[in-house]
Amino acid sequence: LWQFVRAESVDKAGETEYTFVMTGWAKKEELKAIREEMKEKVPGVAVLDIKPEEEEQPPVELRNTGFMHMFETVTRIYGLPLPREVDPTPLLAGFFIIYFGLCLSDSGYGFILFSLCFIALKFLKIPKASQGRIKVLMWGGLVTFVAGILLGGWFGLTPDQAPEFLTKTIIG
């Protein structure tokens with residue numbers, strides 16, 4: 001398949017012995033850096049800014065920062081919005097993390113999930129693209145831990161079945 005795609009790309013590129021044409025999408029703010037890098041590496045290159053055709057749909061790039069950035073992973077699982085639609089990530093983030101914790105609602109599992117994800121982020125070389133998923137699970141583990149405390153879940157045991165030290169309350 002990749003050989004077919006490569007051959008098809010060469011056919012579309014208008015390649016000659018000395019020239020070729022290639023089109024692609026780039027962010028406006030990155031276009032200057034792309035031009036400079038291409039001129040540095042390839043003599044005689046021309047990087048042009050062309051307008052998309054009417055029927056063309058530009059790719060969607062989510063722009064969330066800080067805490068919301070990790071939830072882009074969840075948005076991508078369910079599907080990116082269309083180019084002219086609102087990014088659902090900020091709305092999804094709060095509800096997702098709360099519902100995640102309520103669905104599991106087990107302090108023991110939440111603590112283990114949080115701990116393992118924290119250790120993985122701290123000590124393993126996880127690619128930047130995958131860190132968002134791990135962070136979502138880590139914070140989900142923390143919310144699950146809290147939900148488990150509030151709802152009385154300890155490793156799938158009811159308060160009657162759990163060891164006494166897990167069921168004691170601080171207040172009262």
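**Entry 1: Glu37 and Lys41.** I began with Lys41, which is exposed, at a relative accessible area of 57%. Its salt-bridge partner is Glu37, and I read 3.2 Å between the closest N and O atoms. Glu37 is partly exposed, with a relative accessible area of 42%. I located both residues in helix α2, four residues apart, about one turn of the helix.

**Entry 2: the model and its confidence.** I note that the model is predicted. I looked up the pLDDT of the protein chain: the average is 82, and 90% of the residues score at least 70. Confidence is highest in helix α5 (residues 107–123), at a mean of 92, and lowest in helix α7 (residues 164–167), at 70.

**Entry 3: the chain as a whole.** I found seven helices and zero strands in the protein chain. The chain has 172 residues, of which 20% count as buried. I recorded an accessible surface of about 13900 Å², with 63% of this area belonging to carbon and sulfur atoms. Among contacts with a separation of 6 or more, 58% come from residues 24 or more positions apart.

**Entry 4: Arg76 and Glu72.** I then turned to helix α3, where Arg76 and Glu72 lie four residues apart, about one turn of the helix. Their side chains meet in a salt bridge, at 3.9 Å from N to O.

**Entry 5: Lys27 and Glu61.** My search of the whole structure gave five salt bridges. One that I examined joins Lys27 to Glu61, with the closest N and O atoms 3.7 Å apart. Lys27 lies in the loop between α1 (2–13) and α2 (28–41) and Glu61 in the loop between α2 and α3 (72–78), so this pair ties together parts that are 34 residues apart in sequence. Both partners are partly exposed: I noted a relative accessible area of 27% for Lys27 and 43% for Glu61.

**Entry 6: Gly140.** I placed Gly140 in helix α6 (residues 128–151). Is Gly140 buried or exposed? I count Gly140 as buried because its relative accessibility is 0%, and the cut-off for buried is under 20%. Which residues does Gly140 contact, leaving aside its neighbours within four places in sequence? I found Ile97 and Phe100. I also took the C-alpha to C-alpha distance from Gly140 to Phe111, which is 9.9 Å across 29 residues of sequence.

Note on methods:
Residues numbered from 1 in each chain as written. Predicted model: local features only at pLDDT ≥ 70, side-chain atom pairs only at ≥ 80, totals over all residues. Heavy atoms only, no water. pLDDT = per-residue confidence, 0-100. Helix = DSSP H or I, 4+ residues; strand = E, 2+ residues; numbered from the N terminus. Buried < 20%, exposed > 50% of the residue type's maximum accessible area, 1.4 Å probe, protein only. Contact = heavy atoms within 4.5 Å. Areas by Shrake-Rupley, 256 points an atom, 1.4 Å probe, with all protein chains shown as cover. Salt bridge = Lys/Arg side-chain N within 4 Å of Asp/Glu carboxyl O.
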